[in-house]
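Hi,

Here's the structure I said I'd pass along.

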Amino acid sequence: MKLLKSLLAACAAAALCGSLAADAADPLKMAWVYVGPVGDGGWTYAHDLGRKAIAAREGAKVATTFVENVPESADAERVIRDLAAKGNKIIFTTSFGYMEPTLKVAKSFPKVNFYHATGFKNAPNVTIYNSRMYEPAYLAGIIAGHVSKKNVLGFVASFPIPEVVRNIDAFTMGARSVNPKITTKVVWVNSWFDPSKERQAAEALIGQGADVLLQNTDSSAVLQTAADKGVYAFGWDSDMSAYAPKAHLASCVEVWAPYYMKVAEAALAGKPMTTDVWGGIKEGMNDLVSVSSLVPAAAAKAAAAKKAEIAAGKFNVFAGPIKGQDGRDRVPAGKTLTDKEVDSINWYVEGVEGSVPGKK
Amino acid sequence: MTLASLTPLFASAIGAAIPLLLAALGELVAERSGVLNLGVEGMMLLGAVTAFMVVAGGGGLTLALGAACLAGMLAALLFGFVTLTLQANQVAAGLALTILGSGVSAFLGRGYSGNPAKLAFTELPIPGLSRLPLVGPALFSMNALGYLAVLLTIATAWFLYRTKSGLILRSVGESPVVAQSLGLPVISIRYAATLFGGLMAGLAGCYYAIAQFKMWQEGLTSGNGWIALALVVFASWRPGRLVLGALLFGGVTAFGLYLQAVGVQVSVFALSALPYVATVVVLAAISRDQRALRRNAPASLGQSYFGM
Amino acid sequence: MLRTPWRLVPRTQPSARMRFLAPLMAVAMTAVFGCIVFYSLGLSPLKAMQVFMIEPLSTVNGVSELLLKASPICLIALGLAVGYRANVWNIGAEGQMYLGGIFATGLAIHFHDGGGHWLLPLMVVAGACGGALWAAIPAVLRTKCHANEILVSLMLTYVADLLVKYLVYGPWQDPASNNFPLTVAFSDNAIFPLFASFGGDWLEGTRVNVSLFITLAALPLAWFFMQRTFAGYQLTVAGVAPSAARYAGFSSPAAVWMSMLIGGAAAGIAGVMEVAGPIGQLNDRWTPGYGFTAIIVATLGRLHPFGIALASLLMALVYLGGEAVQISLQLPKAISLVFQGLLLMLILGCDVLVNYRIERRPAADAA
């Protein structure tokens with residue numbers, strides 16, 4: 001017991017010395033909590049590219065740390081708390097399931113700034129950020145609308161959360177903006193990463209006539225299945241053009257570096273960012289890249305034109321008129337869904353088949 | 001449902017069934033000798049990452065296949081040493097092997113994800129037959145590993161029931177004490193069966209990495225090793241039923257997704273549960289004949305045996 | 001077969017000394033292996049081992065986290081061990097744990113705006129019932145249809161996961177959750193009080209809660225049941241010699257039922273400990289696989305309550321150590337998995353020395 005006490009005292013002393021030694025020359029400590037492995041080639045990989053970009057640009061001014069494969073269970077809170085206790089001043093928690101743990105830890109560390117991706121609850125030192133992936137999804141829809149011969153698109157979906165529902169909606173609206181005969185079939189696999197099921201889901205969609213596919217999952221399985229079956233598909237989260245050159249039309253990618261840079265710069269300047277950010281193409285937080293030569297020139301041109309409009313702030317995907325599945329106006333002309341409404345959307349637009357799971 | 005819509009459904013079922021069948025066949029042989037190796041998932045992952053690394057390093061498909069099998073066998077050898085030589089509990093060792101295999105494969109595979117496989121097994125349609133309705137694309141347009149799986153199933157069934165070695169293997173699983181008293185090298189036979197299990201799991205991993213998904217990512221097999229294990233029990237340790245079980249599982253999964261795609265108004269969560277529920281229901285229905293079960297279940301399954 | 005100059009010779013009696021030494025040897029061997037790996041990765045082996053094995057325990061919070069993590073694993077493993085002794089292989093504790101969480105959540109939601117101090121105990125009972133009910137399905141199918149419980153309990157785990165998803169994406173979704181898969185946050189009546197809430201500044205920020213007492217009570221209870229009651233004895237006999245048990249009037253169906261129900265109830269309570277503990281609500285990804293970890297812990301602990309307690313602490317420590325190595329040394333998660341797997345393999349392997357000793361093979365035999 002005595003030994004334990006002296007050990008504890010030693011630890012406390014070491015911690016104290018550490019904090020006393022801290023001065024202006026110390027690097028800004030930033031940490032990232034990832035839900036998947038950094039090599040997942042998708043969601044986590046994209047976040048880690050952002051982290052690396054900061055490390056490369058700011059050099060010794062920042063010190064970055066990451067923890068990968070953190071389950072969204074009771075374990076998350078411990079990891080986040082540990083990172084805060086270890087002196088990280090900026091902590092990014094990059095998955096929805098970290099919302100409650102982040103808020104809990106933030107209460108105990110008022111001087112640390114937390115940034116939670118994709119959530120909806122903030123606090124004085126918890127800021128929300130997200131990417132409007134529905135914008136590149138809309139652009140992908142424009143291309144799909146041009147390319148589809150059978151007028152049937154397929155969407156392999158993970159979980160019925162608003163993020164995924166609005167990507168399905170945007171993809172469909174994009175396609176119908178150039179080809180009103182388009183319908184979208186949706187298959188849910190109830191997983192972010194399950195190549196076997198994603199593959200079978202893609203096969204089911206192709207079997208039902210879908211000839212252009214998009215997925216909101218974390219592997220390239222859908223794209224490669226499309227290649228095997230001679231139909232087209234897109235990359236998601238990261239550039240997947242190398243996987244299936246004969247099937248890949250374009251990739252919807254997340255670009256986190258600009259946002260992470262801004263947060264780092266503000267913190268280095270002594271004024272940590274505390275405003276929520278929901279950025280898109282305009283802010284450089286996502287993009288449609290690697291548009292393939294398979295895409296007809298007219299389609300590529302239409303997508304590029306719409307992208308320019310979005311970047312200039314002249315076009316909003318969720319501006320009315322938007323018809324619901326019953327064909328009636330869900331958003332009348334002249335109205336635009338608010339960010340809050342888009343962020344909690346749980347209904348399909350006209351052209352999507354089936355219904356959102358769990359919703360009447 | 002028309003014939004035209006059933007054809008892709010059938011093909012999808014077969015595609016999902018083949019890797020399950022491969023891994024389960026190996027486990028079936030191991031279990032028939034009395035060795036319960038729950039580490040199938042880990043061995044599959046090792047096979048997958050090895051195959052991917054070999055082709056990424058410029059190796060050919062045959063080399064990758066061989067290396068994947070070897071990787072599976074190495075893992076099985078470790079399991080065998082711990083459980084057969086050192087008499088450790090097979091359930092715990094198998095679970096430990098799964099953890100070890102997923103860790104080692106993730107570590108080795110760092111830097112390999114994010115790129116497609118440089119080479120892959122492609123479909124080899126058999127002229128004429130592959131155009132048959134319903135079964136054509138499913139059975140006669142597989143890749144080399146698919147055809148290999150069919151051959152290996154037949155060979156395994158033949159080995160188990162038609163050869164003396166098969167009889168010996170089964171008797172070791174039935175009663176190692178009796179087998180030993182007849183002068184059979186129980187431990188060596190169990191080692192051989194365990195290694196075969198590793199080889200087949202490696203092969204299944206290879207199928208995922210360079211035939212079906214053509215990529216590597218941590219946890220690529222996404223729990224299919226557990227399904228393969230369940231299928232062995234489902235099949236009540238008979239290769240023929242294993243084929244049915246793998247097809248049932250792959251088929252019901254495909255069917256659930258098909259129902260979603262055609263827009264049937266049933267909860268997607270219920271549809272996703274279909275393959276598991278179907279497996280349980282069918283198992284309960286076919287297990288009623290208790291004597292047949294007893295005949296096939298290896299009596300000494302999972303129990304350590306100390307041979308001199 | 002490979003002939004080595006050594007051979008194993010059974011001991012006439014298990015070695016009490018080796019029971020303690022063998023696991024220590026395994027830890028030492030893992031440490032040596034760890035040093036080699038860390039050294040080859042360019043890290044100081046000593047520092048790394050310190051982070052891995054000692055750092056997690058060096059703070060009050062670390063110890064609290066260790067107990068928080070070990071407790072549900074230990075409880076599930078105790079329940080499973082009862083069945084494993086009787087050769088009933090319930091590997092679906094994970095699913096039974098989900099059901100425990102679901103049943104408790106149902107009550108927590110129903111009495112969200114009311115309730116009293118009776119609510120939490122009721123949730124624990126409901127959780128036990130939920131887990132036992134889910135475990136009853138494999139029990140029925142095994143006793144009535146001879147369907148193998150390994151397969152049925154495993155398959156039901158997937159179904160239970162989907163059932164949780166159905167509930168949190170549908171009927172139980174909190175209207176204020178922006179359509180995310182969350183129930184309402186439980187009211188205070190439905191949450192296990194933290195030890196820290198009883199005062200004591202030194203516990204500030206710790207998460208360990210009074211549900212720890214459930215596990216602490218279950219340990220002697222399990223020991224008593226297994227070693228000192230007739231039913232526990234019969235179960236063990238049913239496992240070792242089924243025909244002898246039947247002769248003694250203890251039918252195999254009774255063994256299956258008792259095993260499954262006890263295992264299911266324990267797992268169900270563990271589920272309550274999570275949802276009414278650190279999670280505080282039901283969502284679609286609240287469990288890190290304790291039901292599966294418990295299978296290793298049960299076997300690693302040699303199906304004995306004392307061994308299980310130690311094994312659950314060890315598993316929790318290795319997990320926390322793996323996290324610490326990731327955070328402090330920026331090693332990939334894969335490394336901690338490799339360690340975990342290797343340590344388990346070595347412990348299992350070294351265990352041979354309890355029942356066997358190694359001696360040189362006589363010259364005549366080696367020839």
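In what order do the six strands of the open sheet in chain A come? Going across, the order is β7-β6-β8-β9-β10-β12 in chain A, and the pairing is mixed. The edges are taken by β7 (183-188) and β12 (286-289) of chain A; each has a single partner strand, so one side of each has no neighbour in the sheet. On average, neighbouring strands here are turned by 20 degrees against each other, direction ignored. Bear in mind as you read that this is a predicted model.

Inside that sheet, strand β8 (residues 212-215) of chain A pairs with strand β9 (residues 232-237) of chain A in the parallel sense, over two bridges. V212(A) sits opposite Y232(A) in β9(A).

Now for β5. All six of the six residues of strand β5 (residues 126-131) of chain A are buried, so the strand is largely enclosed by the rest of the structure.

As for its partners, β5(A) pairs in the parallel sense with strand β4 (residues 113-117) of chain A over four bridges, and A117(A) stands opposite Y129(A) in β5(A). β5(A) also pairs with strand β11 (residues 277-279) of chain A, again in the parallel sense, over three bridges. There, S131(A) is opposite G279(A) in β11(A).

Cheers

Definitions and conventions: Residues are numbered from 1 along each chain as its sequence is written. Chains are lettered from A and ligands numbered from 1 in the order in which they are written. This is a predicted model: local features need pLDDT of at least 70, side-chain atom pairs count only at pLDDT 80 or more; totals for chains, interfaces and linings use all residues. A residue is buried if 20 or more other C-beta atoms lie within 10 Å of its own, exposed if 12 or fewer, and partly exposed in between; C-beta atoms are placed from the backbone. Two strands pair if DSSP finds at least two bridges between them. Axes are lines fitted to C-alpha atoms, for helices over the stretch in contact, and angles run from 0 to 180 degrees between N-to-C directions.
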